[in-house]
Amino acid sequence: MSNTLIRINGLSFKYDEESLNVLNNIHMQVCKGEWVSIVGHNGSGKSTLAKFLNGLLIPTQPNIVTVEDLDSYDEEIVWKVRNKVGMVFQNPDNQMVATTVRDDVAFGLENIGIKREEMLNRIDWAIQKVKMENYLEHEPHRLSGGQKQRVAIAGIIAMRPSVLILDEATSMLDPMGRKEVLDTVWKLNKEEGMTVINITHDLEETVLSDKIIVMNKGEISTYGSPKEVFAQGEKLVEAGLDLPFSLQIQQLIKEKGYNIPTACLTKKELVNELWRLQSKT
């Protein structure tokens, strides 16, 4: 039995006949339980790609975009695709629809007709997963940015999607809020096995991914594990991306004549490698 959850086979797209393609012949797969980061500068096509993943945009031919073997081209089943793929957007304020956190999480469940007893169980479960139990009766607009995004995540996971997409979901948050959101999603991925697609322009968020897909001018420039992708620094620069801090420091050290043989993706790895090299001298 295939472990592939999402398949994209030759997806191209432009918004009107006179414009250039936003996406050019995209091929990719996402497996169950993976954490996949899709990175690229503004205008690279990554957010347009996300809209195809959850059926907000529809391919012009069959068998181009499938989620759990459901073809989003089919108008009669595209709503099933949308139920399979939940998305958290950039601005948390645009996602708050109720006067309390509890009601906000309940909103999506009511729309899909979940019975009251099951709804209450799902709300409790989702709120516990994002660690917002003490805020159930709070007004969402009074929460911090990070807390709002965690409530948004709770509303999505309460509907039990197969895939959670973060579409630049941390870009408007301060460092603490960003950490809160990423820690929450990391636990959902590792403890619940939820498939996560994180769309971002910040490579610091990608170092713990299973797979990184780099987009540039509507095409996949490169893909692979973080170590494989970060070893291709020139392609990241071409895509208008900044290397993670630890790799920038490694480059500066190398320019000073010191060689660090192992690519260190995190600050902790870099410190450990520097200590190891120091102990040899």
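**Talking through the model**

Biologist: Which side chain does the side chain of Glu205 make a polar contact with?

Modeller: That of Thr200, at 3.4 Å. A polar contact here is a pair of N or O atoms within 3.5 Å; within protein, one must be able to donate a hydrogen and the other to accept it, and residues adjacent in sequence count only if both atoms are side-chain atoms. This is a predicted model: local features need pLDDT of at least 70, side-chain atom pairs count only at pLDDT 80 or more, and totals for chains, interfaces and linings use all residues. Residues are numbered from 1 along each chain as its sequence is written, and side-chain values use heavy atoms, leaving out hydrogens and water.

Biologist: OK, where is Glu205 found?

Modeller: In the loop between strand 8 (195–200) and strand 9 (211–216). Helices (H or I, at least four residues) and strands (E, at least two) are DSSP runs, numbered from the N terminus.

Biologist: And does Glu205 count as buried or exposed?

Modeller: Glu205 has 9% relative accessibility, so it counts as buried. Buried means under 20% relative accessible area, exposed over 50%, and partly exposed in between (1.4 Å probe, protein chains only).

Biologist: Which residues does Glu205 touch?

Modeller: Leaving out residues up to four places away in sequence, Glu205 touches Ser37, Thr170, Arg178, Leu182, Asn198 and Thr200. Contact means heavy atoms within 4.5 Å.

Biologist: What about Thr200, buried or exposed?

Modeller: Thr200 lies in strand 8 and counts as buried, at 2% relative accessibility. Among the residues Thr200 touches are Ile38, Val39, Gly40, Lys46 and Glu168.

Biologist: What's phi for Arg160, then?

Modeller: About 55°, a positive value although Arg160 is not a glycine. Arg160 sits in the loop between helix 5 (145–157) and strand 7 (163–167), and is partly exposed, with a relative accessible area of 42%. Lys217 also isn't a glycine, and its phi is positive, near 55°.

Biologist: Where's Lys217?

Modeller: In the loop between strand 9 and strand 10 (219–224). Lys217 counts as exposed, at 67% relative accessibility.

Biologist: Switching to helices: at what angle do helix 3 and helix 4 pack?

Modeller: Helix 3 (residues 101–111) and helix 4 (residues 116–129) pack at about 125°, with their axes 10 Å apart. Axes are lines fitted to C-alpha atoms, for helices over the stretch in contact, and angles run from 0 to 180 degrees between N-to-C directions. Helix 3 and helix 4 are therefore oblique to each other; angles under 35 degrees count as roughly parallel, over 145 as roughly antiparallel, 65 to 115 as roughly perpendicular and the rest as oblique.

Biologist: Which residues make that contact?

Modeller: Helix 3 brings Val101, Arg102, Val105, Ala106, Leu109 and Glu110, and helix 4 brings Met119, Arg122, Ile123 and Ile127. By class, the contact of helix 3 with helix 4 has 7 nonpolar, no polar and 3 charged residues. Ala, Val, Leu, Ile, Met, Phe, Trp, Tyr, Cys and Pro count as nonpolar, Asp, Glu, Lys and Arg as charged, and the others, Gly among them, as polar.

Biologist: Last one: where is Gly177 found?

Modeller: In helix 6 (residues 175–192), and Gly177 is buried, with a relative accessible area of 4%. The C-alpha atoms of Gly177 and Arg150 are separated by 9.3 Å, and the two residues are 27 residues apart along the chain.
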